[in-house]
Structures are given as structure tokens and as C-alpha cells.
Number of protein chains: 4
Amino acid sequence: MAMTGVLRPSHVALRVLDLEPAVKHYTDVLGLLETGRDKQGRVYLKAWDEHDHHSVVLREADAAGMDYMGWRVDSIQTLKDLSKKVEESGLATDCCWIPAGEHLETGERFRFTTTTGHTMELLAEKNKVGNCLPLVNPDPWPDDLKGMGPSRFDHCLLYGDDLDGVVKLFTEVLGFDITEQVVAEDNHDFRISVFLSCSTKPHDVAFIRQPMKGAFHHASFILDNWGEVLRAADIISKKKVSLDLGPTRHGITRGETIYFFDPSGNRNEVFAGGYIHYPDKPIITWTSDDLGRAIFYHDRKLNENFLGVFT
Amino acid sequence: MAMTGVLRPSHVALRVLDLEPAVKHYTDVLGLLETGRDKQGRVYLKAWDEHDHHSVVLREADAAGMDYMGWRVDSIQTLKDLSKKVEESGLATDCCWIPAGEHLETGERFRFTTTTGHTMELLAEKNKVGNCLPLVNPDPWPDDLKGMGPSRFDHCLLYGDDLDGVVKLFTEVLGFDITEQVVAEDNHDFRISVFLSCSTKPHDVAFIRQPMKGAFHHASFILDNWGEVLRAADIISKKKVSLDLGPTRHGITRGETIYFFDPSGNRNEVFAGGYIHYPDKPIITWTSDDLGRAIFYHDRKLNENFLGVFT
Amino acid sequence: MAMTGVLRPSHVALRVLDLEPAVKHYTDVLGLLETGRDKQGRVYLKAWDEHDHHSVVLREADAAGMDYMGWRVDSIQTLKDLSKKVEESGLATDCCWIPAGEHLETGERFRFTTTTGHTMELLAEKNKVGNCLPLVNPDPWPDDLKGMGPSRFDHCLLYGDDLDGVVKLFTEVLGFDITEQVVAEDNHDFRISVFLSCSTKPHDVAFIRQPMKGAFHHASFILDNWGEVLRAADIISKKKVSLDLGPTRHGITRGETIYFFDPSGNRNEVFAGGYIHYPDKPIITWTSDDLGRAIFYHDRKLNENFLGVFT
Amino acid sequence: MAMTGVLRPSHVALRVLDLEPAVKHYTDVLGLLETGRDKQGRVYLKAWDEHDHHSVVLREADAAGMDYMGWRVDSIQTLKDLSKKVEESGLATDCCWIPAGEHLETGERFRFTTTTGHTMELLAEKNKVGNCLPLVNPDPWPDDLKGMGPSRFDHCLLYGDDLDGVVKLFTEVLGFDITEQVVAEDNHDFRISVFLSCSTKPHDVAFIRQPMKGAFHHASFILDNWGEVLRAADIISKKKVSLDLGPTRHGITRGETIYFFDPSGNRNEVFAGGYIHYPDKPIITWTSDDLGRAIFYHDRKLNENFLGVFT
């Protein structure tokens with residue numbers, strides 16, 4: 001009864017321009033593990049401490065970006081209930097069911113499009129393949145990890161126009177909390193950005209109001225600590241990966257972070273830190289005049305890339 | 001709908017032999033903040049990142065130990081529902097209501113005794129006094145913290161005889177998950193210890209089967225990282241606090257930890273690390289022949305103090 | 001016989017525009033300790049783990065910058081010998097002796113100007129005031145440190161035109177090693193920058209060839225680890241200090257670093273890490289086409305400020 | 001002229017009971033690199049950031065322990081001068097020259113025995129094989145390190161009876177500084193232990209007075225930080241290595257440390273931290289009544305193993 005409903009981000013499906021360099025990036029640089037390839041040629045990957053079959057799906061395409069983001073719910077009954085509520089909410093379009101097996105090792109998924117133009121999915125079944133450690137008397141971490149070696153896929157940040165609609169959907173229909181928000185300096189009711197949690201994490205997804213539909217800012221993966229953020233930064237340089245910004249700290253969520261790009265231009269983040277969220281925690285508000293400090297706490301100013309580059 | 005029911009440990013009420021040395025320990029060494037004293041002379045404290053009025057209550061008494069542990073639930077309706085379910089479960093005794101105001105800044109609490117002899121409370125209302133930071137454009141941490149400066153009270157470990165009853169109560173009635181368990185080497189159905197979570201934390205409370213009622217092993221507070229565990233260890237020596245064991249790592253929960261004693265002999269822990277728990281995560285099992293490694297991953301053997309000393 | 005001759009940077013004398021804001025910066029933000037003020041109004045400061053009376057001297061003036069940098073040698077005999085060698089070298093001008101007591105608690109200093117226009121001093125006597133810890137049975141760190149709390153003044157980076165002359169002076173006359181150098185991509189004999197050590201540190205002073213005399217790039221102070229670099233970065237934002245760049249890593253020296261400015265515009269650095277230098281270690285060479293990565297290993301490009309802003 | 005005379009520990013030659021398990025330990029667990037084997041079957045190893053051919057030499061024998069420790073001096077002239085001074089000092093016995101080539105890639109070594117019964121060597125030539133990184137535009141660390149991956153062999157701690165003689169030899173003849181000492185509580189002139197440095201490190205070798213000749217307590221290797229000490233501790237458990245004690249901090253040197261044993265029972269240490277030593281730094285003195293805190297700052301008591309187990 002403690003964690004119910006939507007449990008966590010289950011996968012992000014990304015489009016990449018060339019598959020093999022992308023796979024090499026997500027395995028050798030980021031350090032995910034490849035768990036399968038399907039008949040369509042899609043590549044499935046997971047972070048080491050995840051038990052489910054995959055959390056990242058890569059598809060070769062003509063343009064980079066996010067196809068969809070999937071959410072694991074606690075039961076088939078919840079999947080039925082939430083799919084009905086989403087359909088009835090008037091806050092989602094293109095509702096449909098994707099049959100079981102369309103993703104490897106995954107049950108049926110309820111798919112819909114948010115008012116910001118993002119495709120989301122709910123699912124209740126994805127086979128467990130284990131977290132590289134035994135379930136009896138395990139060590140604390142596995143051998144032979146490569147690259148940055150994050151333990152989990154954590155969240156996405158997405159850009160879209162109808163921020164109010166998507167926030168209403170996630171909070172009122174899907175049961176998420178707003179943990180933090182950025183508002184206009186002169187009108188605190190006008191939200192520029194919203195961070196949403198379905199757990200005790202500072203965010204499971206976040207949206208920034210931008211005049212477009214369905215844009216993808218970044219997918220984020222969690223590291224253990226600030227020392228691993230430095231190691232990730234070093235790996236970025238050693239492997240000649242395109243750096244966006246960092247290492248630094250976010251004001252929002254307090255996370256310790258670094259951003260970089262996959263070979264197709266999709267932005268990745270690895271981060272550590274943050275706080276424990278509870279649903280009765282007051283919302284933290286940032287005003288637009290302090291947006292630089294909210295995003296990049298040390299620099300206290302936004303770089304053009306951060307807002308202007310997305311896929 | 002994501003975090004529902006029992007949200008978190010809300011307070012631990014400890015008996016101490018001399019009040020002022022205890023307060024000095026919990027403020028100067030551990031680094032909690034005193035938030036009030038009541039007419040009975042009890043002292044209320046909180047960790048800096050907690051919003052609620054208190055998470056530790058100290059009372060002067062002839063013997064050290066834990067009076068009770070309180071749990072924050074998500075609503076008054078949940079408090080009503082769960083109190084009824086606890087009463088009807090047959091797994092709790094001495095059920096009663098403590099009136100609002102008996103604790104400073106706190107609503108009414110439903111109190112009961114577990115089969116292990118521990119007094120537990122459920123509550124839905126405790127006033128928010130803030131986390132030392134503004135709710136608009138905050139810095140990531142406050143100035144002027146003292147001592148180890150943990151961000152939150154995290155969990156307790158308790159000793160008692162009827163482990164099966166208390167586990168049944170916490171899982172079937174209160175909705176907790178078992179995250180990890182220690183079982184007899186020759187009988188995996190015989191549980192020696194159980195770690196329980198009502199959140200995404202590896203534990204919110206844990207019990208070890210011992211032939212006694214209502215014993216208290218330790219109250220634990222969370223730090224940000226392994227560097228802070230070293231700093232805590234240094235503070236323990238600088239301030240001539242009685243060390244139990246550490247710094248080290250737990251096999252169970254993967255936590256990075258150090259144990260020490262307050263002046264009355266109540267054991268404290270500060271720790272960092274661990275993983276993100278979800279309700280569909282498989283239970284991790286440790287066998288009694290590997291108990292040393294489960295508890296103290298580096299030493300791989302238990303010290304006498306750890307099992308034999310409690311209050 | 002192991003550490004002989006010039007031992008270490010002993011002090012840097014900085015000009016500041018307003019004395020009290022500068023003192024506040026160097027004590028509250030950087031975390032040095034004020035150890036005295038002299039009749040001229042100069043303020044003396046030291047880092048906590050230094051035993052000598054001071055390592056930073058602040059003087060109010062109309063323009064920011066460095067007055068001089070002082071070097072502690074191992075004995076009065078060495079002071080005599082080196083002063084003679086410097087005078088005879090033809091690589092220094094304006095040689096003179098500053099009488100004992102001109103600096104508080106300091107013996108006589110031999111002063112000279114390098115070919116890059118920097119004033120340097122050699123001295124053999126500065127009174128010891130202790131490192132905030134007892135000499136018998138000490139704790140590993142003192143209480144009540146403020147700000148970033150570096151343990152020592154570490155080095156300066158200086159800009160000047162006649163790089164070859166100053167390098168010849170420091171290596172052939174004063175016995176320093178070149179640890180690393182930046183050279184022109186098309187002419188490895190043309191040095192753009194040289195890092196010099198009189199110890200096992202990766203640098204005790206460094207010079208960059210720039211078309212000017214006597215310019216000051218930064219004074220640097222050493223922290224224990226990368227976690228303290230993050231803490232320093234947070235303090236910079238909390239206290240609204242002007243950030244230059246970081247946290248990041250240097251390619252040169254491998255140091256983990258952050259740059260910021262004092263209220264007068266003098267650049268400060270705090271850093272951690274690096275390697276152990278020995279005189280038989282091969283010189284590490286960086287080519288100018290890779291200068292960005294040499295200086296800022298993660299960004300792999302120089303920001304305009306870093307080269308263009310100095311005092 | 002800054003670092004002269006004896007520069008650093010150059011090698012430690014250890015006896016092991018079975019060669020291949022020992023090599024596996026020093027490469028897979030500790031993370032040294034094998035650089036050669038000679039006709040006698042000895043195995044040569046180095047830490048990754050060392051440039052010289054080897055720093056550890058393993059020899060199969062009937063009893064574990066240290067054969068000898070070698071010291072790199074700054075020049076052939078220094079080797080001649082120091083060998084003569086050692087011979088004339090009356091503080092060493094069994095003086096002899098080992099011909100060039102007896103160690104792979106190494107010049108002639110001057111060998112002698114200290115009053116504590118330890119065999120020491122001075123040498124001026126050992127071929128450089130590089131530190132796994134290019135000398136032009138290097139990355140800060142190499143790929144494909146295994147195990148704990150220390151950057152350098154750092155020091156040894158040795159047990160012997162005539163402490164005064166060996167200290168006199170190292171300070172008066174070889175030019176080392178005493179950085180710290182343990183003295184009898186009731187007689188501060190009676191030294192129980194002495195820590196000696198030929199550099200800016202807190203120790204390059206240390207001796208403890210014990211009623212025996214030529215005993216070996218441990219060889220120590222340096223890590224970058226406290227996070228790597230935790231990782232080393234985890235590796236010890238993952239690879240089922242015999243742990244002695246740690247992770248913890250030393251009072252002496254302030255180092256962050258963990259001790260463990262190779263398969264033959266030779267004690268190893270990996271550590272991080274400490275301070276920068278200079279020859280004018282006051283000696284830190286520990287009194288025997290505080291010996292526990294001096295050695296293990298957190299536990300503040302010695303474990304029997306630490307003093308009683310050696311090879």
C-alpha cells in the first residue's frame with residue numbers, strides 16, 4: 001500500500017541515426033548492458049541494477065529524438081484502471097493498446113499522447129532478468145561493468161507547449177506529485193517548468209514549456225556519488241564524447257550532474273544526489289529571474305545549448 | 001496515488017538517563033536541531049532536511065531504550081482505515097488513541113504494541129516547520145549545521161521474539177514490502193531478520209529475532225555520502241563518543257555505515273548509500289552462515305557487541 | 001638531504017581595492033585565518049594546516065594584482081647562496097634585501113624581479129604559529145573552520161613575456177623541475193607555458209607566455225578531495241561570489257579545480273588531486289592545438305575569461 | 001636542488017609461499033602490473049603511475065616476509081657518496097654491492113643491513129617503462145586497470161629491536177626527516193615508533209620497536225581518495241581476501257586506510273590522504289597511552305593482530 005499506481009519510468013525509446021555507433025555509446029560510454037535485439041532491429045538495453053529486461057530501446061531512424069517513454073504500474077488491474085482514466089480525461093489523444101510481445105519480454109502497453117505531443121505508455125508486465133547479482137548472499141556491485149556504469153535509468157526532461165495539460169494529466173490522472181516548479185517572475189501561477197515524481201525521487205519526469213510538440217531534452221541515469229560524476233566526466237573526454245555541460249550541481253533537485261550527447265545528438269545525463277521526496281513535502285518554487293541558478297547552481301546562468309539544443 | 005498509506009518513520013521516542021548530556025549528544029555530535037520542549041520535559045529534535053516538527057523525542061528515565069516509534073500516514077482517512085485494520089488484525093495489542101497535542105505540534109496518534117513488544121504509532125498530522133531553507137529559490141544546504149548533520153531520521157532496527165507476527169502486521173496490514181531477509185542456513189522459511197520498506201528506501205524498519213520483547217538496537221540517520229561517513233567517524237573520536245563499529249559497508253542494503261552510542265547507551269547509526277527499492281523487486285535473502293558478511297560486508301564476521309548490546 | 005634549497009611558496013602579497021571586503025572574502029569564503037595586521041595596514045592570513053605565520057598578505061591599493069610572491073628556503077646559508085646566485089645569474093633585476101620585520105614575524109627577504117616582471121622573494125625565517133592542532137596526540141582536523149577551508153596555499157600562475165628567462169632562472173639557479181609544459185604545435189621548442197616544482201607537488205608556480213610584464217592569473221589553495229571542490233562550488237553560489245569556471249579537472253597536473261574571483265577581481269583557485277612528482281619523472285608536454293583539453297580537461301576548450309582576465 | 005639525495009622507495013622484495021597465487025593477488029586484487037620475470041623466477045611488478053620498471057619483486061620461498069627494500073637516489077654520485085657514508089657510519093653491517101642487472105632493468109645496488117636487521121639498498125638507475133599514459137597530451141588515468149589500482153608503492157612499516165640505530169642511520173646519514181613519533185608515556189625520549197620521510201610525504205618508511213630482527217609489518221600503496229578505500233574494501237570481500245582492519249583513519253599521518261593480507265600472510269595496505277610534509281615542520285609526537293588512537297583513530301584501540309601478526 002505504500003508504493004502504488006505508477007511505480008517508475010520503465011523505458012525510453014530513442015531514435016538514433018546509426019545504430020551501431022549508438023549501441024557502442026550506450027554500452028561502452030554510458031555503460032548499459034545489451035539485453036536483446038528484436039526482428040525490427042531495435043536494440044534493448046538496461047542499467048546494471050535494474051531487474052527488468054530493458055529500460056532503453058534504440059531504433060535507427062532519419063532523425064534523432066524520443067519515440068516514447070514507458071511507465072511501469074503496480075498491477076494489471078492498475079493498468080486497466082489508469083488506461084480508462086487517461087482515455088476519459090480528455091487530456092490525452094491517440095490512445096491505443098500495443099500488444100504483448102511488441103517489445104521483447106514485455107506485456108501489453110497502453111499508449112497515449114500528451115498535450116505536449118509526447119507519446120507515453122503504461123505497462124504492468126516486463127520480465128525480470130536480474131541485476132547482475134544473485135538474490136542470495138549478493139555482493140554490493142557486479143564485476144566487469146564498463147563506462148560510467150549507472151545503476152538505473154532515472155527520468156526524462158521533455159519540451160512541449162501545453163505544459164498545463166500534461167501536468168494536469170500526470171498529477172490528477174496518474175497520481176504524480178509536483179516536487180519543484182519554475183514560474184514566471186511576475187506571475188507565479190504561470191509555470192515554465194514542472195518536475196514530477198511518482199516515488200520518493202525528486203523527479204521521474206520533467207517538462208519545460210517550449211513552443212513545440214514532442215521534443216526530447218534528455219534521458220538521465222543515476223550514479224552513486226559525486227566521485228562517479230567526475231569519473232563520468234573523465235570518460236567523456238577520454239572517449240571524445242560531445243560534452244554539453246558539467247560537472248556541476250542543479251539548484252532544482254540538488255542533483256550533481258553532467259550532460260553529454262550520444263552520437264546522434266540525443267542528450268544524456270548522469271547524476272547523483274538529490275533528496276527524498278514525500279507527497280506532503282511542500283513544492284519548491286523557482287522564479288524565472290533565478291532560472292540560471294535553478295538549472296546550473298554554480299554557473300548561475302543558462303548556456304544557450306541547454307535551452308536551444310534538443311531532439 | 002504513487003506513495004500512499006504509510007509514508008515514513010515520523011519519530012522515535014528514546015529514553016535517556018540524563019537529559020542534558022543526551023541533548024548535547026543529539027545536537028552537537030549527531031547534529032539534530034532542537035525544535036521544542038514540552039511540559040513533561042521531553043525534548044523534540046529534527047534533522048535539517050525534514051519539514052515536520054520533530055523526528056526524535058528524548059525523555060529522561062531510569063533505563064535507556066525506545067518508548068515508541070511513530071509512522072506518518074498520508075491522510076486522516078488512511079489513519080482511520082489503518083487503525084481499524086490493525087485492531088482487527090489480531091496482530092497488535094494495547095491499541096489506543098493518544099490525543100492531539102500530546103506531542104508538540106502533532107495530531108492524534110493511534111498506538112499499538114507489536115508481537116515483538118514494540119510500541120508503534122500511526123499519525124496523519126504533524127506541523128511543518130520547514131527544512132532550514134526557503135521554499136522559493138533555495139540553496140542546496142543550510143549554513144550553520146553542527147556535528148554529523150544528517151538530513152533525515154531514516155529507520156530503526158528492533159529486537160524481539162515473535163518475528164513472524166510483526167512481519168505479518170507490517171506487510172499484510174500496513175502494506176510494507178520485505179526488501180531483504182536473513183534465514184536459517186538449513187531452513188530458508190525460518191526468518192532470523194527482516195528488513196521492511198514502505199517507500200523506495202531499502203528499509204524503513206528492520207527486526208531481528210531475539211528472545212526478548214521490545215528491545216531497541218539502533219536508530220539510524222541518513223548522510224549524503226561515504227565522505228560524510230568518514231567525517232562522522234572523525235567527529236566520534238574528536239568528541240570522545242563511544243564507537244560501536246565502522247566505518248564499513250553493510251551487505252544488507254549495501255549501506256555505508258558507522259555505529260556509535262549516545263551517553264545513555266542507545267545505539268545510533270549514520271549511513272549513506274543503498275539502492276532504490278520498488279515493490280516488484282525480488283527479495284534478497286541472506287543465509288545465517290553468511291550473517292557476518294550480510295551485516296558487516298568487509299569484516300565478514302559479527303562482533304559480540306553488535307548482537308549482544310541493546311537497550 | 002632529501003628536501004633542500006627552496007622548499008615551498010611562503011606567501012603571496014595581493015593588492016585589493018577595499019580591504020575589509022577582501023578580508024571577509026579570504027576568511028569567510030576561502031576560509032583562511034587572519035593572523036595579524038601591521039602598521040601599514042596590511043592583513044596577514046594563513047591556511048589552517050600551515051605552521052608559518054602567514055601565506056597571504058593583503059594590501060589596499062588602487063589596482064588589484066600581485067605585489068610579490070615569497071619562497072621559503074631551508075636555511076640562512078641557502079638564502080645567502082641563492083641570493084648570490086640570483087644576482088650573478090643575469091636573469092633577475094632590482095635585487096635587494098628587505099629587512100627582517102618588514103613582514104610580521106618574518107626574517108630578512110631577498111627580493112628580485114624576474115624577466116617576466118614578477119617580484120619574487122627568498123626567505124629563511126618565518127615564525128611558526130602552529131596549525132590549529134596540538135603537536136602531541138592531535139586530531140586530524142581542527143574545529144570551527146569557515147568557508148572552503150583549504151589546508152595550504154599551494155601555487156600561483158603568472159603571465160609574462162620573457163618565459164624563457166624566468167624558466168632558466170627557476171630551473172638553473174633555483175633548482176626547480178619542469179613538470180609539464182605547453183609548446184607550440186608546430187615547434188615543440190617554443191614554450192607557451194611551463195609548470196615548475198621545487199617539491200613533489202605537480203607545481204609550485206607556473207608561467208604562461210603573454211605579451212606583458214608582471215601579470216597575475218591566480219593564487220591557488222589546496223583542498224583534500226573532489227567532494228570539497230563541490231562544497232567550494234556551493235559556497236561560491238551561496239555567498240554570491242563571482243565564479244570563473246568549474247568544478248572541472250585540469251589535464252595539466254590532473255587537478256580537480258574551481259576558479260573564482262575575490263571582490264577586487266584577483267582570481268583564486270581551490271583544487272584537489274594531482275600526482276607525486278619526482279625530479280627524474282619525464283616532463284609531460286602538451287601541444288597548443290590541445291590547449292583546451294590541457295587546461296580544462298572536460299570542456300576541451302578555453303573560455304575567453306581564462307586567458308583574457310587577469311590582474 | 002629541491003628534491004635531492006634519497007628520492008623515494010624504489011622497490012620492496014617480498015617472499016611468498018606460492019608464486020602464482022601471489023602474482024594473482026598482486027595483479028588482480030591489488031592491481032599492480034607485471035613487468036617481467038627473471039631467470040631466478042622472480043616476478044617484477046609496478047603500480048600504474050610509476051615510470052620505473054618495478055616497485056615490487058616477488059620470490060617463492062619457504063617463509064613469507066621481506067627480503068629487502070630499495071631506495072632510488074638522485075644520481076650515481078649520490079649513490080657513491082651515500083654508500084661511503086653508510087659504510088663509515090658504523091650503523092650498518094653486511095655492506096656490499098649487487099651488480100647491475102641482478103634486478104631486471106636496474107643498475108648496481110649498494111646493499112646493507114640496518115641495526116633492526118632489515119636489508120636496505122640504494123640505487124641510482126632503473127629503466128623507465130612509462131606510466132601507461134603518453135608523455136604528450138595524456139589522459140589523467142589509463143584504461144583497463146584491475147583491482148584496487150593504486151598509483152604508487154608508497155612505504156613499508158618494519159619491526160625491529162634497535163630503533164635508535166636505524167633512526168640515526170636514516171636521519172643523520174641518509175637525510176630523512178622524522179615526521180611523527182610514538183614515545184613512552186612516562187619518558188618522551190624513549191621512542192616506540194618513528195615515521196621517516198625523504199620527501200613531502202608523511203612517511204616513506206616507518207619502524208616500530210619490537211624485540212626481533214628484520215620483521216616486516218606491511219607494504220603500502222597509495223590510492224587517490226577515501227572512495228577508493230571503500231572500493232578496495234569491497235574488492236577484499238568480493239575476492240575473499242583476508243582482511244586485517246579497516247576502512248578507518250590513522251591518527252598518525254591522518255591517512256585513510258585498509259589493511260589486508262596476501263595469500264602468504266604478508267600484510268598489504270592501501271591508503272589515501274595525509275598531509276604535505278616539509279623539513280621544518282615540527283615533529284608530531286604520540287604518547288604510548290594514546291597509541292590506539294594514534295594507529296586507529298576511530299577505534300582508539302589496537303587489535304591484537306595489528307601488533308602481533310607480521311612476517
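A salt bridge here is a side-chain nitrogen of Lys or Arg within 4 Å of a carboxyl oxygen of Asp or Glu. By this rule the count comes to 116 salt bridges over all chains. This is a predicted model, in which local features need pLDDT of at least 70 and side-chain atom pairs count only at pLDDT 80 or more, while totals for chains, interfaces and linings use all residues. Residues are numbered from 1 along each chain as its sequence is written, chains are lettered from A and ligands numbered from 1 in the order in which they are written, and side-chain values use heavy atoms, with hydrogens and water left out.

**Stop 1: chain A and its annotated spans**

Select residues 8–125 and 152–273 of chain A, where an unreviewed UniProt entry places the feature "domain: VOC". UniProt positions follow the numbering used here, feature names are shortened, and annotations may be inferred rather than shown by experiment. Residues 8–125 are 21% helix and 41% strand, with 13 Å between the end C-alpha atoms. For residues 152–273 the figures are 20% helix and 49% strand, and the end C-alpha atoms again lie 13 Å apart. Helices (H or I, at least four residues) and strands (E, at least two) are DSSP runs, numbered from the N terminus.

While you are in chain A, show the side chains of Asp38(A), Arg42(A), Glu102(A), Arg109(A), Arg111(A) and Glu121(A): salt bridges that share partners join them into one network.

**Stop 2: chains A and D**

The contact (heavy atoms within 4.5 Å) takes nine residues from chain D and nine residues from chain A. Because 100% of the interface residues of chain D are also interface residues in chain A, the copies meet through the same surface. About 800 Å² is buried between chain D and chain A, with carbon and sulfur atoms giving 54% of that. Buried area is the accessible area (1.4 Å probe) that two parts lose on being put together, summed over both. Two salt bridges are found across the interface of chain D and chain A. Show Lys238(A) and Asp143(D), whose side chains meet in a salt bridge at 3.2 Å, N to O.

**Stop 3: chains C and D**

The buried area between chain C and chain D is about 4,500 Å², 56% of it from carbon and sulfur atoms, and the salt bridges between chain C and chain D number ten.

Next, centre on Thr200(C), in the loop between β11 (187–197) and β12 (205–209) of chain C. Is Thr200(C) buried or exposed? At 5% relative accessibility, Thr200(C) counts as buried (under 20% relative accessible area; exposed is over 50% and partly exposed in between, with a 1.4 Å probe and protein chains only). Leaving aside neighbours within four places in sequence, the contacts of Thr200(C) include Tyr275(C), Met3(D), Ser199(D) and Thr200(D).

**Stop 4: a salt bridge between chains B and D**

Select Arg249(B) and Asp234(D), a salt bridge with the closest N and O atoms 2.6 Å apart. The pair runs from strand β14 (residues 243–249) of chain B to helix α4 (residues 226–238) of chain D. Arg249(B) and Asp234(D) are both buried.

**Stop 5: two pairs within chain C**

Pick Asp161(C) and Lys213(C), which form a salt bridge at 3.0 Å, N to O. They are 52 residues apart and link distant parts of the chain. Asp161(C) is partly exposed at 28% relative accessible area, while Lys213(C) is exposed at 52%. Then move to helix α3 of chain C, where Lys168(C) and Glu172(C) sit four residues apart, about one turn of the helix. Their salt bridge has its closest N and O atoms 3.1 Å apart.
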